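Thanks for coming. I have one model to take you through today, and I will keep to what can be read from its coordinates.

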Amino acid sequence: MKIAVIGAGASGLLAALNAAWQGAPVTLFERNATLGRKLLVTGSGRCNLTNDGVRNNPYTCDDPGWLSSVLEQFGVADLLETLEKIGIPAYKTWDGWYYPLSNSAHSVVDAMTHAVERAGITIQNDSKVVDILKTREGFRVIFRQGGDQQQADFKRVIVSAGGKAYPTLGSTGEMFPVLAELGHTVNAIQPALAPVLAELKDLNPLQGVRVDLGTHLFNGKTLLASAAGNMIFTKWGLNGPAVMDLSHHIPDPPGNSTQISLNLLHFIENEFNQLLREKRNSAFPVSLLLGAFFPPKVVHTYAKLANIAENKPLKSIDKDTLERLVKTLEDTRLKVTGVRGYKYCQASAGGIPVCEVKPNTLESIIHPGLYLTGEILDVVGPCGGYNLHFAFASGSLAGQAAGKD
């Protein structure tokens with residue numbers, strides 16, 4: 001029972017391994033010259049493997065119940081056990097993010113490549129799959145290698161070819177038209193976990209500054225999404241998890257009323273309010289109040305936004321002016337003009353809706369024997385290992401199911 005796995009990223013590698021570990025003959029197709037190329041850039045080269053917060057809530061998915069089923073079958077403990085089997089020990093940071101002990105994505109790819117070779121998997125590098133045809137016995141995979149078009153027949157096929165993020169690493173979304181031809185729905189593809197284009201205006205002096213804060217995305221008065229984390233101001237807008245987690249909720253194109261609200265007090269509200277109460281009736285200047293929590297550029301910029309002299313004592317500031325300062329810190333609105341494209345995003349949203357795939361096996365409801373995993377499916381998680389976990393989980397379940405019998 002020959003099995004084809006299309007795509008040698010996180011999802012495809014675990015799909016191929018899980019099928020081969022059950023004795024199935026597996027052929028792994030990869031358009032790049034080496035395996036796991038996209039894995040090398042995850043977690044800024046450290047490979048953020050998973051997260052203690054993995055459950056359906058943080059993800060965007062049409063059917064949270066479907067996603068719960070997948071994650072219950074292959075959770076954090078299951079992934080860590082699989083990685084140990086491959087030879088990838090991991091550790092957890094204080095906030096629940098998991099990384100390999102090597103802190104190197106290269107070591108992860110090397111270990112997985114070794115495992116693939118040891119499992120006897122046939123590797124078809126530099127092979128671009130251009131079509132999948134249904135046959136009486138299974139499927140025919142049409143691919144190009146070295147300029148020649150070839151074909152091979154398989155009983156089962158696992159499509160783990162990824163979405164459209166990082167096209168320079170081989171993710172171009174080329175399998176979506178093939179799957180559409182086979183009868184699957186393809187939801188509109190768009191960048192996800194992408195830097196956000198925004199008009200900084202009065203915040204232009206903050207370019208290069210990093211802050212931890214909360215964010216809210218509004219379209220008019222409608223709240224579209226919220227996030228929190230680190231963010232950096234850039235010459236073209238905003239970057240970092242606190243805004244990247246919002247990017248796939250931004251309308252395309254954004255309207256005139258699409259805005260991001262920045263809350264600089266999100267993580268420090270209690271401490272800020274306590275210091276303000278203690279110093280409210282003293283000669284303690286505004287600059288020291290703000291400087292206790294923010295870098296100098298933020299102090300200068302926000303004092304100016306509130307129209308308060310930095311050296312002015314708190315006791316000399318009237319109630320309305322002080323409330324204006326706090327309100328500005330809690331809710332600075334910036335107009336959103338778009339997101340940076342697929343070249344700069346970490347994932348793509350859209351793809352095959354999960355209702356067309358069985359949650360226990362990742363098998364297509366339309367074509368038994370066809371399995372869809374990872375970014376091919378319309379599932380997006382926040383930064384922090386969530387998307388990589390889903391890739392590993394869906395690939396593992398598909399490989400286990402396809403490799404049976």
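First, the ground rules. This is a predicted model, in which local features need pLDDT of at least 70 and side-chain atom pairs count only at pLDDT 80 or more, while totals for chains, interfaces and linings use all residues. Residues are numbered from 1 along each chain as its sequence is written, and side-chain values use heavy atoms, with hydrogens and water left out.

Now the whole protein. It contains 11 helices and 21 strands; these are DSSP runs, H or I of at least four residues for helices and E of at least two for strands, numbered from the N terminus. The C-alpha trace spans about 85 × 40 × 40 Å along its principal axes. Of the 405 residues, 53% are buried. Buried means under 20% relative accessible area, exposed means over 50%, and partly exposed is in between, with a 1.4 Å probe and protein chains only. A contact means heavy atoms within 4.5 Å. Among contacts with a separation of 6 or more, 72% are between residues 24 or more positions apart.

Next, the cores. A nonpolar core here is a set of buried Ala, Val, Leu, Ile, Met, Phe, Trp, Tyr and Cys residues joined through side-chain atoms within 4.5 Å. The largest one has 77 residues, and Trp66, Met112, Ile132, Val157 and Val159 have the most contacts inside it. Helix α11, residues 386-402, supplies the largest share of this core, 10 residues. Apart from it lies another core, of 44 residues, including Val196, Leu262, Leu265 and Val326. What does Met112 touch, not counting residues up to four places away in sequence? Its partners are Leu13, Leu14, Leu39, Leu83, Ile86, Ile88 and Phe392.

On to the helices. Axes are lines fitted to C-alpha atoms, for helices over the stretch in contact, and angles run from 0 to 180 degrees between N-to-C directions. Helix α1, residues 10-20, and α11 have axes that come within 7 Å and cross at roughly 25°. They are therefore roughly parallel to each other, a label for angles under 35 degrees. On the α1 side, the contact is made by Ala10, Ser11, Leu14, Ala15, Asn18 and Ala19; the α11 side includes Leu388, Ala391 and Phe392.

The axes of α1 and helix α4, residues 105-118, come within 10 Å and cross at roughly 30°. That makes α1 roughly parallel to α4. Leu13, Leu14 and Leu17 of α1 meet Met112, Ala115 and Val116 of α4.

Now the strands. Strands of a sheet pair through backbone hydrogen bonds, either parallel or antiparallel. Two strands count as paired if DSSP finds at least two bridges between them. Strand β1, residues 3-6, is joined to strand β11, residues 156-159, by four bridges, and the two run parallel. Ala4 stands opposite Val157 in β11. β1 also pairs with strand β2, residues 26-29, in the parallel sense over four bridges, and there Ile3 stands opposite Val26. Ile3 and Val5 point one way from β1, Ala4 and Ile6 point the other way, and all are buried. β2 is covered on both faces, with Val26 and Leu28 buried on one side and Thr27 and Phe29 on the other.

There is also an open sheet of three strands in the order β8-β9-β10, with antiparallel pairing. β8 (127-134) and β10 (148-154) stand at the edges with a single partner strand each, so one side of each is left without a neighbour in the sheet. The twist averages 25° from one strand to the next. β9, residues 139-145, pairs with β10 over seven bridges, and Phe143 stands opposite Gln150 in β10.

Asp378 lies in the loop between β20 (370-372) and β21 (379-380). Is Asp378 buried or exposed? It is buried, because its relative accessible area is 14%. Leaving aside neighbours within four places in sequence, Asp378 is in contact with residues including Thr60, Cys61, Asp62, Asn187 and Ala349. The C-alpha atoms of Asp378 and Leu193 are separated by 14 Å, and the two residues are 185 apart along the chain.

That is the tour.

Key
Angles under 35 degrees count as roughly parallel, over 145 as roughly antiparallel, 65 to 115 as roughly perpendicular and the rest as oblique.
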